[in-house]
Amino acid sequence: QMVLSEKVNQLMEWASKRSVIRMNGDKFRRLVKAPPRNYSVIVMFTALQPHRQCVVCKQADEEYQILANSWRYSSAFTNKIFFAMVDFDEGSDVFQMLNMNSAPTFINFPAKGKPKRGDTYELQVRGFAAEQLARWVADRTDVNIRVIRPPNYAGPLMLGLLLAVIGGLVYLRGSNLDFLYNKTGWALAALCFVLAMTSGQMWNHIRGPPYAHKNPHTGQVNYIHGSSQAQFVAETHIVLLFNGGVTLGMVLLHEAATSDMDVGKRKIMCIAGIGLVVLFFSWLLSVFRSKYHGYPYRY
């Protein structure tokens, strides 16, 4: 009982200073693996050092920190559960002990017994959002954590800027408000918004990925991330361009079928539209194949 009390007191002291407790091999063996233990420990195994080039590790760590802070500064804070982290460069022996060869990985070490199959978080299936991690933690430990994210003022600022622009246009145009009823203008605005969202702009806004990745050994620059769980900013711009090309081709095909122009011009528009759709959709599919390895179809 004395040993258990000392372990709990030590973990509580660390948790009061930092929500996620960083552990090396010695701390992990003493506080997580070795009995006695009447508390669960959620451990994130990661590789955050820059030379490891694990972009997903950094993104998962941000969500993990949000979850741990939500636990630390809420009524769910208890000595029955703790959040810890083992970085490969600080605890490679732990990775070897658990036969782990990938990161990030989340494992729940329960208060009694060894981790079961469900105690390893299915990252590829559920993603690493703090809300998903909280549901998994509640399922494994019965500790319900309400995720509280830090305030983000970018949305209200952009909305205020948009309202200011609209108000300025209304003021400058005075009584002439015909531009508000321009269907083409609204269609272009809606199209730009849809293309931005489908290309992943919101994901970039939330995750803050790098623009591209340069291999420090070969100097090669990659603009397309090799995993389906992440992307680069440059990749968003490329996908936006490809989607825009496909959309332009569809618009030309529609105009060729419905306009009153002579047959020659309509044929040219039809050929151009088909060419744009085929070209840009094939490039878009190649990006998809590079991220979802093993995808059997090609255009």
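**Exercise 1.** Determine which element gives the largest share of the lining of the second largest pocket.

*Solution.* Step 1. A pocket is an open set of points on a 1 Å grid over the protein atoms alone, where a 1.4 Å probe fits, with protein on both sides within 12 Å along at least five of seven lines; lining residues have an atom within 4 Å of a point. The model is predicted: local features need pLDDT of at least 70 and side-chain atom pairs pLDDT 80 or more, whereas totals for chains, interfaces and linings use all residues. Residues are numbered from 1 along each chain as its sequence is written, and side-chain values use heavy atoms, without hydrogens and water.

Step 1. The second largest pocket holds about 370 Å³ of space, a volume being the space filled by probe spheres set on the points, which are joined across faces, edges and corners. Its lining has 18 residues, and Gln 231, Glu 235, Val 239, Lys 291 and Tyr 292 are the closest to the centre.

Step 2. Two or more lining residues come from each of helix H8 (183–199), helix H10 (233–258) and helix H11 (263–291). Helices are DSSP runs (H or I, at least four residues), as are strands (E, at least two), numbered from the N terminus. The largest share, six residues, belongs to H11.

**Exercise 2.** Classify Ile 166 and Ile 148 as buried, partly exposed or exposed.

*Solution.* Step 1. Buried means under 20% relative accessible area and exposed over 50%, with partly exposed in between (1.4 Å probe, protein chains only).

Step 1. Ile 166 lies in helix H7 (residues 154–173); its relative accessible area is 39%, so it is partly exposed.

Step 2. Ile 148, in the loop between helix H6 (130–141) and H7, is partly exposed because its relative accessible area is 47%. Its C-alpha is 9.3 Å from that of Glu 131, which is 17 residues away in sequence.

**Exercise 3.** Locate the cis peptide bonds at Pro 36 and Pro 104, and describe the phi of Asn 99.

*Solution.* Step 1. Most residues other than glycine have a negative phi, and most peptide bonds are trans.

Step 1. Pro 35 and Pro 36 are joined by a cis bond with omega about 0°; Pro 36 is in the loop between helix H2 (25–33) and strand E2 (40–46). Ala 103 and Pro 104 are likewise joined in cis, with omega about 0°, and Pro 104 is in the loop between helix H4 (92–97) and strand E4 (105–109).

Step 2. Asn 99, in the loop between H4 and E4, has a positive phi of about 55°. Asn 99 counts as exposed, at 69% relative accessibility.
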